[in-house]
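Grab a pencil and get ready to look around a protein.

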Amino acid sequence: MQSTNDVSAQLNKPVLKEGSTGDAVKELQELLKKYNTYTGAIDGAFGPITKKGVIAFQHRVFLKEDGIVADNTWRALFKGAPVDMPILKKGSKGDLVKTVQNLLKSSKDYNGAIDGEFGSKLERAVKELQKRTELPHDGIVEDRTWFELSKIPH
């Protein structure tokens, strides 16, 4: 695993957190405003309101909600979508499966248990979402499906 500084060098963007200032913070604030997670001034000062906006954006794209803007958060901001998400399909297990179950329950696509088990009911629910959003409906949660999931209010 690379250190945060090595990873950030890939985009050549600084790691930003509460207390940071400057043009990179202005750019961050503009991007957060674009995604409706920040309503403050574009002033280049990373304060509590900017941190709250970062956390809201991180939540939306399934990142660790720490309010620190490192490489993955920058990449998600530029892409406007989740980055580096695993492929989930029938047989997958774990917390991210629970996340998908909760999201699809809130969109009324899924009515099964929130148990972290990717079974037939969840596969059908994923296919419904994919059909509605004009994706290939294969029941597999990959990049484009993660993006559609990130649009569901949560």
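This is a predicted model: local features need pLDDT of at least 70, side-chain atom pairs count only at pLDDT 80 or more; totals for chains, interfaces and linings use all residues.

Residues are numbered from 1 along each chain as its sequence is written, and side-chain values use heavy atoms, with hydrogens and water left out.

**Exercise 1. Find Thr-37 and work out whether it is buried or exposed.**

Solution. Start with the place: Thr-37 is in the loop between helix H2 (23–34) and helix H3 (48–60). Helices here are DSSP runs (H or I, at least four residues), numbered from the N terminus. Next, take the relative accessibility of Thr-37, which is 13%, so the residue counts as buried. The cut-offs are under 20% relative accessible area for buried, over 50% for exposed, and partly exposed in between, using a 1.4 Å probe and protein chains only.

**Exercise 2. Describe H3: which of its residues are buried, and what covers them?**

Solution. First, the buried residues of H3: they are Thr-50, Gly-53, Val-54, Phe-57 and Gln-58. These cover an arc of only 135° around the axis, so they sit on the same side of H3. (The arc is taken from the directions from the helix axis to the C-beta atoms.) Then turn to the other side of H3, where Pro-48, Ile-49 and Lys-52 are exposed. As for the cover over the buried residues, it includes H2 and H4. One last stop: just after H3, Phe-62 has a positive phi of about 65°.

**Exercise 3. Work out how the rings of Trp-74 and Phe-78 are arranged.**

Solution. A pair of aromatic rings is described by the distance of the centres and the angle of the planes. Rings of Phe, Tyr and Trp (its six-membered ring) pair if their centres lie within 6.5 Å; planes under 30 degrees apart are stacked, over 60 edge-to-face, and the rest tilted. The structure has three aromatic pairs. For Trp-74 and Phe-78, the centres are 5.8 Å apart with 15° between the planes, and the pair is stacked. The two residues are four apart in helix H4 (residues 71–79), so about one helical turn separates them.

**Exercise 4. Trace the salt bridges of Arg-75: which residues does it link with?**

Solution. A salt bridge puts a side-chain nitrogen of Lys or Arg within 4 Å of a carboxyl oxygen of Asp or Glu, and the whole structure has nine. Begin with Asp-71, whose side chain meets that of Arg-75 in a salt bridge (3.0 Å, N to O). Asp-71 and Arg-75 are four residues apart in helix H4, so they are about one helical turn apart. Next comes Asp-84: it forms a salt bridge with Arg-75, with the closest N and O atoms 2.2 Å apart. Put together, Asp-71, Arg-75 and Asp-84 are linked in a network of salt bridges. To finish, check accessibility: Asp-71 is buried at 2%, Arg-75 is partly exposed at 25%, and Asp-84 is exposed at 56%.

Notes:
Contact means heavy atoms within 4.5 Å.
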